[in-house]
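Please consider the following model, taking its pairing of strands as the point of departure.

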Amino acid sequence: MSISAPERPVREYFPTADEYQGLLDRRTRRSRLFEMACLVALMIAVIALATLLYTIINDSFGLVAVVNERDPEAIVSDLGYDPATVELVDAEFDELVGLLETTVASGVGRRLEREQRFYEDRLVFESDEVWDEICSSDAPPGGCTAGPRDHANLYALVVERVVVQDVIAAYDLVPSLVNPEAFDAEIAAGIEAGRFGDYTADQIEVEWRAWFNLSFIRSPQSATPEVAGIRTAILGSAWLVLITVVFAVPVGVGAAIYLVEYAKPTRLNSFIQTNINNLAGVPSIIYGMLGLAVLVRIFEPFTSGAIFTTGVPPAENGRTVLSAGLTLGLLTLPVVIISAQEALRAVPDSLRHAGLALGATRWQTVRSQILPVALPGILTGTILAMARAIGETAPLILVGAASFITSDPTGPFSKFTALPIQIFQWTSFPQVEFQKLAAAASIALLLLLLTLNAAAVILRNKYSRRA
Amino acid sequence: MTTENQVDRDQIAMKLTKRRRPGERVVRGFLYFCGALTIATTIGILYELGTESFLFFQDDRVGVVEFLTDTFWQPQVGRFGIAPLILGTFYITAIAMVVAAPIGLLAAIYLSEYASERVRGFFKPVLEILVGIPTVVFGFFALTFMTPLLRGIFGTSVVNFFNVASAGIVVGLLIIPLISSLAEDALRAVPDSLRQAAYALGASKFEVSTRIVVPAALSGIAAGFVVAMSRAVGETMVVTLASGASPRNFEPGVDPLFGHILNPFEGAQAMTGYVAITASGDIAYNTIDYNSIFAIGLTLFIITFALNSLSRRFVKRFRQEYE
């Protein structure tokens, strides 16, 4: 029997060399296309981040058209300085108070003084008798208890009340750099169309403005965008983080130690573990509701500070820094626990066995052997949890931070505002100036987060070298 | 002699008996308390959502059936149907997933299958920064960049200032890093032997990625998608700022489906948006508004809990396959 050739030619089963090359090329091409698509997807994430940062920076600087009722340079020269070298912000405290005294109506002055006084030891607008009378009334205004205004606060008042600066139009950074003439043209067209009311071209000054600047960071919140700042909000956020850390770190690390070092695999303990994982997935706004219903409402005597004082409580209800801080504490607790657990689990068992074999109790082993080794991991996790707490907005809205506050928080029972709340409020206002403020506040918030993350990296490196 | 020995032995025995250490117990008790506090948190959430929702449904103006079936959310006239708010939430989530799922997955495939260590070293921190940016900043971004962009492309007469598309796209950007990092973990967990075998059979990189690695990691990837969905459903700030404060009430069968009900360029308040707007400022206790946010919170909690459980189930299946 001889081997016969297949009935059909080979090429019906196998491709010819050319066809084979074609198929191979097609597969290679498809593979390359796919790689490109994947890279493009990754680039989109990068572009998104870049666009976000660009938008914020673009909105924080640029040309503005302002109308000053009184020229700051004229005021400076009236005060006897050379306007070329001295700016209004450099003027003495007494001079600024003097400007206010000569400009604002006495009724307005009295109101400002009642909000917050100018000097510790004397009154400017109010007479001593009236002052004593209103301060001994049932509802004394803030000026009776708060400390005197500082220079930044006073300067903001002068700009608001004496200079009376009004930003009537604002431009973004890039168009301001690329095509500043267009802004002038826009202003001219606006005057033509009567969009700026009675202002004439002579009154309108076009100048550069950095919305994110030192006085923005140092000034308190204000309803006037030209002078509004974020000091109140930064201090509020600082208080929040402080309370969150004081609550969440000991409790979170404690729970992690219990679960990793002590807990036997009982059903209760595995339930605790599952529960922590579940809590980590609960939306932050639901923690806000927990804070509102439990901390603000049920624990009101505690969170408003009423049980700590005999007289009038520092805050009339529970919507305080303390409530909000504890809410954020509960929110970050699962994150702290999970990261601390990971750090503890990474500690080799040999350390535990060695400690116990030497006769140390479990707590002695944990305290002197395991915790020091796990510390960098715990610290890193904690700082990252704090970074999350700083940026949270929704729970703060729920526990009542959204109200307009111009005075700095003074303690855990103060009413407060926070950086993300400021950004939220300003973003939701339609005027363009507030958009600029929101962008500038976003820069501040991102810088704060960057600092925290850098701290986490530095701490991790420092401790891991020592270990 | 014997008596002296006896005394020694007693002393040694005494030293060897376990010393009582009250401190140990106190520490243990405190640590246990810390762990138990997490359960108290859960109980607190369930209790407060439950009781306030109960009060909400006790109100004469509200019925459970109406709550679940009515397609109007108009508290002013006493109509409390959650459908418009759920529509807002899920529409935004759907747009976000359409944006984020392909981008996140492809990015994960690149990072896990193609990227060199140096390329990874550049892209990973970028994604981590994106995760760390507060959502309120994304909300600002939606209003000042995405909404004007959409209005520029499609025209201001078509696209409302507050619209679902802008909110959905920005929420999508927000969850891309979440999907890519979870999917990348899943892809990297696929054993290399599978890839090697496929290469040995002559498969190209594309074929290995799409026909071997991705199917093998499918349950892990699905878990990532579901977690991202849950995150999008619970997302508050972008939604509150960009998609408006009016619920998209609709008359089923009467309103045009794509003209109104599913129009991406109209605003639609989401569940979280309603809660945030209603609760801002000093909301009075024991009003129907106050109770209604808890009923919505309960709905939100149930949805996210279901999604998170689903994702854990996927993860479990994935672990069984490879560990």
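Strands E1 and E3 of chain A pair in the antiparallel sense over 7 bridges; strands are DSSP runs of E with at least two residues, helices are DSSP runs of H or I with at least four, and both are numbered from the N terminus. Two strands count as paired if DSSP finds at least two bridges between them. Within this pairing, A:Val67 stands opposite A:Ile204 in E3(A). The model is a predicted one, in which local features need pLDDT of at least 70 and side-chain atom pairs count only at pLDDT 80 or more, whereas totals for chains, interfaces and linings use all residues. Residues are numbered from 1 along each chain as its sequence is written, and chains are lettered from A and ligands numbered from 1 in the order in which they are written.

Strand E1, residues 61-68 of chain A, also pairs with E2(A), again in the antiparallel sense, over 5 bridges. Here A:Val66 faces A:Val167 of E2(A), and A:Ala65 has A:Ala169 of E2(A) as its bridge partner. In general, strands of a sheet pair through backbone hydrogen bonds, either parallel or antiparallel.

The packing of helices within chain A may be followed through helix H16. Helix H10 (residues 231-262) and helix H16 (residues 362-391) of chain A pack at an angle of about 140°, with their axes 9 Å apart. H10(A) is therefore oblique to H16(A), given that angles under 35 degrees count as roughly parallel, over 145 as roughly antiparallel, 65 to 115 as roughly perpendicular and the rest as oblique. The crossing of H10(A) with H16(A) is right-handed; a crossing is right-handed if the near helix is turned clockwise from the far one by less than a right angle, and left-handed if anticlockwise. Among the residues that meet are A:Leu240, A:Val245 and A:Ile257 in H10(A), and A:Val366, A:Ile378 and A:Met386 in H16(A), contact being defined by C-beta atoms, placed from the backbone, that lie within 7 Å. The residues of this contact comprise 15 nonpolar, 3 polar and 2 charged. In this classification Ala, Val, Leu, Ile, Met, Phe, Trp, Tyr, Cys and Pro are nonpolar, Asp, Glu, Lys and Arg are charged, and the others, Gly among them, are polar.

Helix H15 (residues 349-357) of chain A also packs with H16(A): their axes come within 10 Å and cross at roughly 160°. This makes H15(A) roughly antiparallel to H16(A). The crossing of H15(A) and H16(A) is right-handed. In this contact A:Leu351, A:Arg352, A:Gly355 and A:Leu356 of H15(A) meet A:Thr365, A:Gln369, A:Ile370 and A:Val373 of H16(A); by class, they are 4 nonpolar, 3 polar and 1 charged.

Between the chains, 69 residues of chain A are in contact with 69 residues of chain B. Helix H1 (residues 17-60) of chain A supplies the largest share of the chain A side, 20 residues. That side has 46 nonpolar, 18 polar and 5 charged residues. The axes of H1(A) and H4(B) come within 8 Å and cross at roughly 115°, and the two helices are therefore roughly perpendicular to each other. The crossing of H1(A) and H4(B) is left-handed. Among the residues that meet are A:Cys38 and A:Leu42 in H1(A), and B:Leu106 and B:Tyr110 in H4(B). The contact of H1(A) with H4(B) has 13 nonpolar, no polar and 1 charged residues.

Confidence remains to be considered. Chain A averages a pLDDT of 85, pLDDT being the predictor's confidence in each residue, from 0 to 100. The mean for chain B is 90. The predictor gives the complex an ipTM of 0.91 and a pTM of 0.87.

Key: Axes are lines fitted to C-alpha atoms, for helices over the stretch in contact, and angles run from 0 to 180 degrees between N-to-C directions. Two residues are in contact if their C-beta atoms, placed from the backbone, lie within 7 Å.
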